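Hello,

Here is the structure I promised to pass on. Have a look at it first, and my notes follow below.

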Amino acid sequence: MSEQYVCIGCGVKIQTDEREGLGYAPPSALEKEEIICQRCFRLKHYNEIQDVSLTDDDFLKILNGIGQTDALIVKIVDIFDFNGSWLPGLHRFVGKNPILLVGNKVDLLPKSVKQNKLINWMKQESKELGLKPEDVFLVSAGKGQNMKEVAEAIDHYRGGKDVYVVGCTNVGKSTFINRILKEVTGEGDIITTSHFPGTTLDIIEIPLSDGQALMDTPGIINHHQMAHFVDKRDLKVITPKKEIKPKIYQLNEGQTLYFGGLARFDYVSGGGKKSFVCHFSNELLIHRTKTENAEELYKNHAGEMLTPPRQEQMDDFPELVKQEFSIKEGKTDIVFSGLGWITINDPGIKVTAYVPKGVHVITRKSLI
C-alpha cells in the first residue's frame, strides 16, 4: 500500500511499518494532502537530524542516470566554499547536457566584493576544473537575491526540457529550488531544508506547467569538507549565516593562528611583520599564539578553549596534518575546505597549514 506515496520533503518512498526505517510516516499522515516522512517533519519543526543509510554509490547511481537524459543541469556551489562544494567529474556524468553554474550564499561575502569580478573568477575556475557552463550566476537563495534572473535563465536554457538541480550537501540546493518555485508559482516551501548535510534522499520530481519537471537530486557528500569533522551542533559555528567580517591579523614570523581546534596556520618566514586577512564564520573563535607554544596549547586546550571540536570528540578526532606553502605571488588565498580562507597580499612568504587528515587545503588567486 505504501508504494505510491513519496515524501514531498525529501523524495523518499513512504512506508508505515518500520518506525526507525527510512521514509517512515505514521499511518495518519497518509490522509493529508501533502505527505511528509517523520525525518522531514522533525527536521522542519524541531531542527532534529536523523542519520541516513544511503551510500556514496547510491548517489553516484542517481547522478549517472542524469547523463542518460536530455535535460538542463543546474549546478549549485557554495560561493563561501567554492572548491569544497565543487562536484569533481560532473562533466563526465552530464553527457551532452547544457549546464548553468550558480554560486549560492553570495550574501555571506563582504559587501566589498564586486559581483562581476566574482563571476569572471568563477568562469575561470570552472574552466580549470573541466566544466564549461552556458552561463554563471550569483544568488542568495536564502534572501532571494538575483533569483528572478536565474529563474528566467533556467526557463530560457531548458528549451522545454526537464531540469536537474545538482550539488554537494549543504550548498543550499533545496532552499534554491523552494525559491525558484516561489518565483514561478508564488507557493511556499515545499522541500525540506536545513543546514545539515544530506537532507534530500532521492530525486524529487516537481512538475512544471509545460508537462516537464524540475528534479531535486540528493546532495553528494564531499568527504574532504570540514562539516564531516564537527558535531552536528557545531555546524552553525562554522557555517556562516550572515555577511562575514574579515579579521586582519598582523603576525610576526613564528606566530600561529588556531581556528577553533579545527585548523592551524603558522607564519614561518617572509621578512618581518605582515598582514593576514581571515575570512571565516563570525562565530568561529580565532586564537593567536607563538608557534613554539602551539603544539602544547593544542594538546592542553583542544576541545575546550580551542573549539569546535568538542571535548567528547577529542578521543576520535583525527590528528592535524601539516602542509607547507611558499607564496610566490601576492594576493593569494589559502583555502581550508569548508571552513574559510586566509588572504596573503605579499609575495615571498612561507606558511604552514594544519587540518584534520582528509580535509583539503589549496591555494588560489585571491577572491576578494
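Strand E4 (residues 162-167) pairs with strand E6 (residues 213-216) in the parallel sense, over three bridges. Strands here are DSSP runs of E with at least two residues, helices are runs of H or I with at least four, and both are numbered from the N terminus; two strands pair if DSSP finds at least two bridges between them. Within E6, Met-215 stands opposite Tyr-164.

A word on the source: this is a predicted model, where local features need pLDDT of at least 70, side-chain atom pairs count only at pLDDT 80 or more, and totals for chains, interfaces and linings use all residues. Residues are numbered from 1 along each chain as its sequence is written, and side-chain values use heavy atoms, leaving out hydrogens and water.

The open sheet has six strands in the order E3-E2-E1-E4-E6-E5, with mixed pairing. At its edges, strand E3 (135-138) and strand E5 (204-207) each pair on one side only.

Now the cores. A nonpolar core is a set of buried Ala, Val, Leu, Ile, Met, Phe, Trp, Tyr and Cys residues joined through side-chain atoms within 4.5 Å, where buried means under 20% relative accessible area (1.4 Å probe, protein chains only). The largest one holds 59 residues, and Val-74, Met-122, Ile-154 and Phe-176 touch the most other members. Strand E1 (residues 71-78) gives the largest share of this core, six residues. A second, separate core has 42 residues, including Leu-320 and Val-359.

Enjoy exploring!

Technical notes
Buried < 20%, exposed > 50% of the residue type's maximum accessible area, 1.4 Å probe, protein only.
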